[in-house]
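Let me go through it step by step and jot down what I look up.

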Amino acid sequence: DGRGSYLVRRDGEPEVRVENDRLILSLPVSFKARLNGTATALGLSVPVSLTADGAATAELSMKPSVSSDWQVRTQSRISLKWRRPPTASVLGIRVTFQHAAEEFLRSRIEEALPQIDRAINGSLRLRERAEEAWRDLREPLRLSASPDLWMSVSPLSVTLPPLKLEPGRVLLDARIETHLSIDTREPGKK
């Protein structure tokens with residue numbers, strides 16, 4: 001029986017890179033844990049106090065895409081690369097518990113992964129921006145007053161090819177198929 005506490009904090013500068021069509025965010029972190037409690041062996045209850053620390057690089061790998069409903073999907077995966085595996089001293093012997101610490105950290109990070117998509121979509125508001133651009137395209141544009149010429153654009157469809165990942169940016173190349181017409185009167189007026 002016992003009570004544990006842990007602290008995970010940034011332990012260096014984050015790095016962003018593109019690798020195999022995935023965007024990789026690397027964040028160095030340090031890990032400290034403390035367990036206080038009692039252990040029972042052979043009918044005896046013994047107080048236990050255990051402290052452990054370690055350091056790893058958490059890598060968040062993303063393959064962002066935009067769905068037909070204008071939602072960004074990052075398809076995030078997490079991996080941990082230990083720089084200093086978590087160890088503790090038990091009765092004077094150094095014991096590593098890398099697997100347990102990795103499972104603990106991974107589960108906490110994976111719980112937070114859906115927040116990434118929500119935050120990105122809340123910030124970008126792609127659907128609202130696309131709807132606004134679609135409305136703007138439909139507004140007639142006066143090309144000339146003498147002779148009176150108006151251009152109308154009727155958007156027909158949108159194609160969203162895969163995002164382009166480049167160092168320092170992610171590019172969305174939306175292609176719009178349209179029908180253009182030139183009229184001698186302002187469209188919508190007789």
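**Entry 1: a cut-off, then Leu113.** I start with the cut-off I need: a residue counts as buried when its relative accessible area is under 20%, as exposed over 50%, and as partly exposed in between. I also remind myself that this is a predicted model. I looked up Leu113, which sits in helix 1. Its relative accessibility is 14%, so Leu113 is buried. Setting aside neighbours within four places in sequence, I find Leu113 in contact with Leu60 and Ser76. Leu60 is 53 residues away from Leu113 along the chain, yet their C-alpha atoms are separated by 9.3 Å.

**Entry 2: the largest pocket.** How much space lies in the largest pocket? I note about 350 Å³. I count 18 lining residues, with Leu27, Val29, Ala58, Ile78 and Ile109 nearest the centre of the pocket. Two or more lining residues come from each of strand 1 (2–10), strand 3 (22–41), strand 4 (44–62), strand 7 (77–90) and helix 1 (98–124). Helix 1 gives the largest share, 7 residues. I sorted the lining by class and got 15 nonpolar residues, 3 charged ones and no polar ones.

Entry 3: A friendly reminder to myself: in soluble globular proteins, nonpolar side chains tend to be buried together. Here the largest nonpolar core has 10 residues: Val29, Phe31, Ala33, Ala56, Ala58, Ile78, Leu80, Trp82, Ala101 and Leu105. Another core, of 6 residues, lies apart from the largest one, and Val66, Trp70, Val72 and Leu163 are among its members.

**Entry 4: aromatic rings.** How many aromatic pairs does the structure hold? I find 1. The ring centres of Tyr6 and Phe104 are 4.5 Å apart and the planes stand at 80°, so I log the pair as edge-to-face. Tyr6 belongs to strand 1 and Phe104 to helix 1, so the pair ties together parts that are 98 residues apart in sequence. Are these two residues buried, partly exposed or exposed? Tyr6 has a relative accessible area of 46% and is therefore partly exposed. Phe104, at 22% relative accessibility, is partly exposed too.

Entry 5: Which residues does a cis peptide bond join? I have Ser146 and Pro147 down for that, with omega about 5°. Pro147 is in the loop between strand 9 (141–145) and strand 10 (148–159).

Next I looked up positive phi values outside glycine. Asn20 has one, of about 50°, and lies in the loop between strand 2 (15–19) and strand 3. With a relative accessible area of 72%, Asn20 is exposed. Trp70, not a glycine either, has a positive phi near 65°. The loop that holds Trp70 runs between strand 5 (65–66) and strand 6 (72–73). Is Trp70 buried or exposed? At 17% relative accessibility, Trp70 counts as buried, and I already have Trp70 down as one of the residues in the 6-residue core.

Definitions and conventions. Residues numbered from 1 in each chain as written. Predicted model: local features only at pLDDT ≥ 70, side-chain atom pairs only at ≥ 80, totals over all residues. Heavy atoms only, no water. 1 Å grid on protein atoms, 1.4 Å probe; cavity = no way out; pocket = protein on both sides within 12 Å on 5 of 7 lines; lining within 4 Å. Points joined across faces, edges and corners; volume = space filled by probe spheres on them. Helix = DSSP H or I, 4+ residues; strand = E, 2+ residues; numbered from the N terminus. Nonpolar A, V, L, I, M, F, W, Y, C, P; charged D, E, K, R; others polar. Core = buried A, V, L, I, M, F, W, Y, C linked by side-chain atoms within 4.5 Å. Buried < 20%, exposed > 50% of the residue type's maximum accessible area, 1.4 Å probe, protein only. Phe/Tyr/Trp six-rings, centres within 6.5 Å; stacked < 30°, edge-to-face > 60°. Contact = heavy atoms within 4.5 Å.
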